Amino acid sequence: CEMTYSTACIDDVNTHMVYHDMQLKGRRWSSNWGAEVRSSIKERYPMMTPPSSSSKSFNSSCERIVMIRPDFIPEVNATLEMLNLVNDELNAPHDENDFWSQPQGQGKAFLFIKNNRAIGVVTMEVLDPVRGRWMVYDTKCVLDHVRPNFILGVSRIWVCRHERCSGVATKLLEAARENTIYGKALEKWEIAWSQPTDSGGKLASKYNGREHKSGKLLLPCYI
């Protein structure tokens with residue numbers, strides 16, 4: 001997991017175990033944290049783990065997507081803890097949370113919950129029109145002379161290692177697209193990406209990349 005710690009220090013070892021566990025399997029999550037949201041993709045493809053004979057086990061295995069409420073400090077702090085790991089892994093700044101974590105912020109954070117763990121997270125910010133750009137997918141060159149008007153930006157998106165390539169990221173994006181702005185479901189082309197990594201670029205290319213007349217694939221991005 002690339003975390004530096006001392007094997008001679010019990011606190012360091014315990015901290016590393018928690019960090020490593022979260023990186024692989026997500027963060028343990030209270031059933032009271034977050035407001036559950038609905039999305040059309042959830043209706044088309046119900047997110048439910050096959051039930052066991054125990055109703056208690058069935059309830060604990062339900063999958064859902066929740067929106068973080070800025071006024072509820074425990075769930076905000078739990079999400080910030082996850083995003084610290086995310087930013088470490090993506091080599092991204094750690095100070096870009098105010099837009100979703102403050103009551104008057106212009107954005108939202110959504111988490112995918114499975115088996116009482118937060119296994120994925122996406123943070124979305126409402127964009128000023130001047131921030132929109134196109135990026136050429138294969139060269140990562142930003143076209144500065146064109147200013148498309150995008151409404152939402154994907155600031156961070158992450159899924160724990162054991163749950164990748166299972167559709168979690170797409171389900172998070174669809175929930176965010178339909179619930180970030182109250183009462184308005186946006187189109188995919190109205191969403192942009194903030195400096196996507198290689199894996200993020202692959203996701204963006206499949207989700208809302210657009211082919212230019214030159215044959216180049218363009219990704220909606222923002223600065």
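## Glutamate 163

In this predicted model, glutamate 163 touches Lys114, Ile119 and Val168, when residues up to four places away in sequence are not counted; a contact requires heavy atoms within 4.5 Å. Glutamate 163 lies in the loop between β8 (152-159) and α6 (168-179). Helices (H or I, at least four residues) and strands (E, at least two) are DSSP runs numbered from the N terminus.

Glutamate 163 is classed as buried because its relative accessible area is 18%, the class being under 20%, with exposed over 50% and partly exposed in between (1.4 Å probe, protein chains only).

## Nonpolar cores

The largest nonpolar core comprises 47 residues, and Trp29, Phe110, Leu111 and Val122 have the most contacts inside it. Such a core is a set of buried Ala, Val, Leu, Ile, Met, Phe, Trp, Tyr and Cys residues joined through side-chain atoms within 4.5 Å. A second, separate core has seven residues, including Trp134, Val136, Phe150 and Ala192.

Beyond its neighbours within four places in sequence, valine 122 contacts residues including Phe110, Val154, Ile157, Leu172 and Ala176.

## Overall architecture

The protein contains seven helices and eleven strands. Of its 223 residues, 45% are buried. Among contacts with a separation of 6 or more, 66% join residues 24 or more positions apart.

## Basis of the values

Residues are numbered from 1 along each chain as its sequence is written, and side-chain values use heavy atoms, without hydrogens and water. Local features need pLDDT of at least 70 and side-chain atom pairs count only at pLDDT 80 or more, whereas totals for chains, interfaces and linings use all residues.
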